[in-house]
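User: I would like to learn how to read a structure model. Could you take me through it feature by feature?

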Amino acid sequence: MYDLAKKVAPWFSSLYCVFMYLIAVTIPAPRTASVTHEMAIQPFFGTSSLLTSSLYFLLIFIFAVNRSKIINLIGKFLTPVIVFILLAVIALASSGITHEMNLNTYGAPFISGVLEGYQTFDAIGGVLIGAVIIISLNLKGYTSYGEIKTLITKAGFFAGSGLLLIYGGLLFSGAALSVSFAENSSRTDILTSLSLQTLGTIGTSFLSILVALACFTTAVGIVTGLSLIHISEPTRQEAIS
């Protein structure tokens, strides 16, 4: 991150890194714990938010200290579960259209979507997680710049295509079942209703698992990115040597 922003000026690079890390550690990471508690834990167990947060960040710590295995742990197990649940919701919603969609009520839907999307802080989280991916590749033995660049390019294309499919599918699913939503429905209400209408009563449980896993993988990436600040330069020097 420092090298990236240093192309502007060294002082700008330092300021950029400080602000990025402060925002990431104070807003997106804690918010993933609160969302997990509100949507996945409290409705079923009624436990305190303090207990949820304690166990949540303990698990994140376990993943972070095993950073050399983070790609395998998330890529082979957690992400496929998330994708499977989302695709199930999208497929069932798309195949069950029996009525016309409601008309759009947004004056500028694209601009509104971009602005609300940035409120998730995914752009900031992506910068931190990108550093995790590069260092994880170094730890796996990929030291050639060309080789790492090729792997990241392919991974970025694959991930971007997957996100386009999933987000586009969710947008279409919400529009397809829009007649069943109140006009002032919140995002949580819409997502809950989507899962209930497509997966039945078990859909609520699937939604809870989905939200918990999505939040968890994001928090793991952010915390790991922050924890790697002090080893990123030695790791790079070892890779060069």
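## Reading the model

Analyst: We can start with the inside. This is a predicted model, and its largest nonpolar core has 18 residues, of which Tyr-56, Ile-60, Leu-210 and Phe-216 touch the most other members. Helices H3 (28-45), H4, H5 (70-95) and H10 (202-227) each supply at least two residues of this core. H10 gives the most, with eight residues.

User: What is the general idea behind looking for such a core?

Analyst: In soluble globular proteins, nonpolar side chains tend to be buried together. Take Ile-60 as a case here: leaving aside neighbours within four places in sequence, Ile-60 is in contact with Phe-216, Ala-219, Val-220 and Val-223.

User: How many helices and strands are in the chain?

Analyst: The chain has eleven helices and zero strands. Read along the sequence, the pattern is α-α-α-α-α-α-α-α-α-α-α.

User: What share of the residues counts as buried?

Analyst: Of the 241 residues of the chain, 29% count as buried. The accessible surface comes to about 14800 Å², and 70% of this surface belongs to carbon and sulfur atoms.

User: Is Ala-93 buried or exposed?

Analyst: The cut-off for buried is under 20% relative accessible area. Ala-93 has 1% relative accessibility, so it counts as buried. This residue is found in helix H5. Not counting residues up to four places away in sequence, Ala-93 touches Ser-173, Ala-176, Leu-177 and Thr-198. Sequence and space can be set side by side here: Ala-93 and Ala-175 are 82 residues apart in sequence, and their C-alpha atoms are 9.7 Å apart in space.

User: For the chain, what percentage of contacts between residues at least 6 apart in sequence join residues at least 24 apart?

Analyst: The share is 72%.

User: Which residues does Ser-195 touch, not counting residues up to four places away in sequence?

Analyst: Ser-195 touches Gly-200, Gly-203, Thr-204 and Leu-207. Ser-195 is found in helix H9 (residues 187-199). With a relative accessible area of 3%, Ser-195 is buried.

User: Now the surface. Which residues make the nonpolar surface patch of about 640 Å²?

Analyst: The patch is made by Leu-51, Leu-55, Leu-58, Leu-59, Phe-61, Ile-62 and Val-65. To be in a patch, a residue needs over 30% relative accessible area. Leu-59 has 45% relative accessibility, so it counts as partly exposed. Its place is in helix H4 (residues 49-65).

User: And charged side chains: how many salt bridges are counted?

Analyst: The count comes to one salt bridge. The side chains of Lys-6 and Asp-3 meet in a salt bridge, with 3.5 Å from N to O. The cut-off for such a pair is within 4 Å. Lys-6 is partly exposed, with a relative accessible area of 39%, and Asp-3 is partly exposed too, with 35%.

User: Where in the chain is confidence lowest, and where is it highest?

Analyst: The score to read is pLDDT, the predictor's confidence in each residue. The mean is lowest in helix H11 (residues 232-240), at 46, and highest in H4, at 90. Over residues 231-241 pLDDT stays under 50, and the model has seven contacts beyond four places in sequence for these residues. The chain as a whole averages a pLDDT of 80, and 89% of the residues score at least 70.

Notes. Residues numbered from 1 in each chain as written. Heavy atoms only, no water. Patch = residues over 30% accessible without salt bridge, like charges linked within 9 Å, V, L, I, M, F, W, Y side chains within 5 Å. Areas by Shrake-Rupley, 256 points an atom, 1.4 Å probe, with all protein chains shown as cover. Helix = DSSP H or I, 4+ residues; strand = E, 2+ residues; numbered from the N terminus. Buried < 20%, exposed > 50% of the residue type's maximum accessible area, 1.4 Å probe, protein only. pLDDT = per-residue confidence, 0-100. Contact = heavy atoms within 4.5 Å. Core = buried A, V, L, I, M, F, W, Y, C linked by side-chain atoms within 4.5 Å.
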